[in-house]
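Open the structure in your viewer and keep the selection tool at hand. The tour below goes stop by stop.

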Amino acid sequence: MVAGVGARAHHGLSALQVTMSVRAQHLDPSESHLVDKHGEPVSMCRVASIGDDVVGFERFVALAAPAMREAMGRSGNAEPVPVFLALPHRERPGYDPRLDGELFDALEEASGATIHHRHSRLFPLGRAGGIHALLAGLELIESGGVSEVLVGGVDSYFDPDVLEHLDRELRLHSLDTENGMLPGEGAAFLRLARAAHVSGALAAVYAAAVAKEPHPYGAEEPCLGAGITTAARQVVEAVGSPEDLVGWVLTDVVDERHRVDEWSYAMARLHRAFTAEVVHDQPLLSTGDVGAAAVPMLAVVACMRWHTACGLGDYALLAAHSDGVERGAAFLSAGGSA
């Protein structure tokens, strides 16, 4: 069960603020001091409360710690809690190696939470890393080893190396690249707990699945969405595969054409699982692309919309596509009831 949530993005410093801004389709990018190949300032969705001189490891901690504290629902926790955290791929330009060895210690100090280091794991797999983290958290809870875990993700494109890479690959939205992405940053966390330990759950996670895309962006052969189709089909079938079940889909798809096409193929193949009025929700069009924070951010939006009685049905399918081969999907229901 989802017992608590926390989030931070450019237009909200709490789960509720982020969700309401997404619902209002509020987008407020601003120019940065970083410039593109034409010498023009790069606009992005960045958290204004974090200084422009804070990059890399310190920026990730500044983004993640408040969201983690909010998800815990209190200033600290008496028992150590395992943390399963999605991060960008290590191969991505600008990746700070301190994330691998020092992040949990820094988050523990900054958030006030006590982290169970032996059970905690990092998933440097990009956007779909959040599904891997979710699966690991659910497995540990179901094993009976702990009563609750934190599943989250944190990412920031506010880094000269990563922005230069995206610009070189023609992936930044601009007058020359209309189907490019708007880079953002953010963090989001879910506190998952066994049903017996939760009163008034925000949601239930009924299934999650991962798969690999044989022809990801940049491959010689065209991508036909095989990986995300497999992951999404597995979670729908795990729930029972009833027809016309899903009326609300939340994905990490933004305006990059290859990501739009990939999910379109999957949705067409799985059309029998969706209601006739199915809504494809794209929260990252409002937050900016939050990278590895995407999956927990999508889940937070679904949970808070249910909590505030403005969800689009009782069920939600989440789908995520990393820049590499990783793909993932999850199935949630409102308030923990099927």
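**Stop 1: a loop residue with positive phi**

Select Leu170. Leu170 sits in the loop between helix 5 (160-168) and strand 7 (185-193). Bear in mind throughout that this is a predicted model. Check the backbone of Leu170: phi is near 60 degrees, a positive value in a residue other than glycine. Is Leu170 buried or exposed? Leu170 has a relative accessible area of 53%, so it is exposed.

**Stop 2: along that loop**

Stay in the loop between helix 5 and strand 7 and select Asp176. Asp176 counts as exposed because its relative accessibility is 63%.

**Stop 3: into strand 7**

Move on to Glu185, which belongs to strand 7. Glu185 has a relative accessible area of 0% and is therefore buried. Show the side chain of Glu185 and look for two polar contacts. One joins the side chain of Glu185 to the side chain of Ser156 at 2.6 Å. The other takes the side chain of Glu185 to the backbone nitrogen of Val47, also at 2.6 Å.

**Stop 4: strand 2, Ser32**

Select strand 2 (residues 30-35) and pick out Ser32. Display the surroundings of Ser32, leaving out residues up to four places away in sequence: Ser32 touches Pro41, Val42, Arg46 and Phe158.

**Stop 5: strand 2, Ser30**

Stay in strand 2 and select Ser30. Ser30 counts as partly exposed because its relative accessibility is 30%. Which residues does Ser30 touch, not counting those up to four places away in sequence? They are Val42, Ser43, Met44 and Arg46. Zoom in on Arg46: its side chain makes a polar contact with the side chain of Ser30 at 3.2 Å. Arg46 is also among the residues that Ser32 touches.

Ser30 and Asp323 are 293 residues apart in sequence, and their C-alpha atoms are 25 Å apart in space.

**Stop 6: helix 1 against helix 9**

Switch to a cartoon view. Select helix 1 (residues 15-23) and helix 9 (residues 294-307). Their axes come within 9 Å and cross at roughly 90 degrees.

Now show side chains at the contact. Helix 1 brings Ala15, Leu16, Val18, Thr19, Val22 and Arg23. Helix 9 answers with Met297, Val300, Val301, Met304 and Arg305. Colour by class: eight of these contact residues are nonpolar, one is polar and two are charged.

**Stop 7: past helix 9**

Follow the chain into the loop between helix 9 and strand 11 (315-321) and select Ala309. Phi of Ala309 is near 60 degrees, again a positive value in a residue other than glycine. Ala309 has a relative accessible area of 72%, so it is exposed.

**Stop 8: helix 6 against helix 7**

Finish with helix 6 (residues 226-239) and helix 7 (residues 257-269). At what angle do their axes cross? They cross at roughly 45 degrees and come within 8 Å. That angle is why helix 6 is oblique to helix 7. Turn the view to see the handedness: helix 6 passes helix 7 in a right-handed crossing.

Select the contact residues. On helix 6 they are Ala226, Ile228, Thr229 and Arg233. On helix 7 they are Glu262, Trp263, Ala266 and Arg269. The contact of helix 6 with helix 7 holds four nonpolar residues, one polar residue and three charged ones.

Terms used. Residues numbered from 1 in each chain as written. Predicted model: local features only at pLDDT ≥ 70, side-chain atom pairs only at ≥ 80, totals over all residues. Heavy atoms only, no water. Axes fitted to C-alpha atoms, helices over the stretch in contact; angles between N-to-C directions. Helix = DSSP H or I, 4+ residues; strand = E, 2+ residues; numbered from the N terminus. Parallel < 35°, antiparallel > 145°, perpendicular 65-115°, else oblique. Left-handed = near helix turned anticlockwise from the far one by under 90°. Contact = heavy atoms within 4.5 Å. Nonpolar A, V, L, I, M, F, W, Y, C, P; charged D, E, K, R; others polar. Buried < 20%, exposed > 50% of the residue type's maximum accessible area, 1.4 Å probe, protein only. Polar contact = N/O pair within 3.5 Å; in protein donor to acceptor, adjacent residues only side chain to side chain.
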